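The sequence and coordinates are shown first.

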Amino acid sequence: MVQPLVRRKIVKKKTNTFKRHQSDRYDKVHESWRKPKGIDNRMRRKFRGLTRMPKIGYGSNKRTRHVLQNGFKKFRVFNTADLELLLMHNRTYAAQIAHTVSAGKRKDIVQRAAQLNIKVLNPNARLRQEETQ
C-alpha cells in the first residue's frame, strides 16, 4: 500500500472550539462564533478571566495544515479521470470518493486507483455486504 512521502507530527495549538459570548446564558444566542462588537463588551476588551477570541496565532503549521492522521491530504474524486491528476502526487494526496458518486462508478474508481497505486480513503462506501465477502 502507498505510504505518505513525509510523516510530520501534527500539533494543534487549540483543540476546543471558540464559542460565542453569552451563548451559555441565552438559548437564542447560538454557540457558533461571532466577533463581539459592543462598545462596552468585556470579551472584546480582553478582560482577565474571559474566554479567548480567535486570532492568527492559533493557526496550524503550514506544512501540517489539512493533513490527515495517516499523513495524506484529501482530494475529492468524482470519476476515474480525476484520478489521473493524482498520478504524480500519490504520496501526498489520497483520493476521497464524493458522496454523489454511484456504486457502479465507485467500483471503477477503486479498481483504477489500485492500478495507479493511489490510496482511496473510502473504498468500501456504498458496497453491499454480499459483494464485499
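Val 6 sits in the segment before strand E1. In this predicted model, Val 6 has a relative accessible area of 47%, so the residue counts as partly exposed.

The C-alpha atoms of Ser 60 and Lys 12 lie 6.4 Å from each other, with a separation of 48 residues in sequence. Ser 60 is partly exposed because its relative accessibility is 28%, and the buried class requires a value under 20%.

Helix H2 covers 103-116 and helix H3 covers 129-132, and Pro 123 is located in the loop that joins them. The C-alpha distance from Pro 123 to Ala 95 is 9.4 Å, and the two residues are 28 positions apart in sequence. With a relative accessible area of 29%, Pro 123 is partly exposed.

Leu 127 is another residue of the loop between H2 and H3. Leu 127 and Ser 102 are 25 residues apart along the chain and 10.0 Å apart from C-alpha to C-alpha. The relative accessibility of Leu 127 is 26%, which places Leu 127 in the partly exposed class.

## Positive phi angles

Which residues other than glycine have a positive phi? One is Gln 22, with a phi of about 65°. Gln 22 is placed in the segment before E1, and its relative accessible area of 32% makes it partly exposed.

Asn 117 also has a positive phi without being a glycine, with a value near 60°. This residue is in the loop between H2 and H3. Asn 117 is partly exposed, at a relative accessible area of 42%.

## The salt bridge

How many salt bridges does the structure hold? There is one. It joins the side chains of Glu 84 and Arg 112, with an N to O distance of 3.1 Å. Glu 84 is in the loop between helix H1 (80-83) and strand E2 (93-97), whereas Arg 112 is in helix H2, so the pair ties together parts of the chain that are 28 residues apart in sequence. The distance meets the criterion because a side-chain nitrogen of Lys or Arg has to be within 4 Å of a carboxyl oxygen of Asp or Glu.

In general, side chains of opposite charge can pair when their charged atoms come close. Both partners here are partly exposed: Glu 84 has a relative accessible area of 37%, and Arg 112 has a relative accessibility of 26%.

Is Lys 55 buried or exposed? Its relative accessible area is 53%, so Lys 55 counts as exposed, because that class begins over 50%.

## Elements and overall dimensions

The secondary structure consists of three helices and two strands. Read from the N terminus, the order of the elements is β-α-β-α-α.

The chain has a radius of gyration of 22 Å, whereas a compact globule of 133 residues would be near 14 Å. Along the principal axes, the C-alpha atoms fill a box of roughly 60 × 35 × 25 Å. Of the 133 residues, 21% count as buried.

Key. Residues numbered from 1 in each chain as written. Predicted model: local features only at pLDDT ≥ 70, side-chain atom pairs only at ≥ 80, totals over all residues. Heavy atoms only, no water. Buried < 20%, exposed > 50% of the residue type's maximum accessible area, 1.4 Å probe, protein only. Helix = DSSP H or I, 4+ residues; strand = E, 2+ residues; numbered from the N terminus. Rg over C-alpha atoms; globule rule 2.2 N^0.38 Å.
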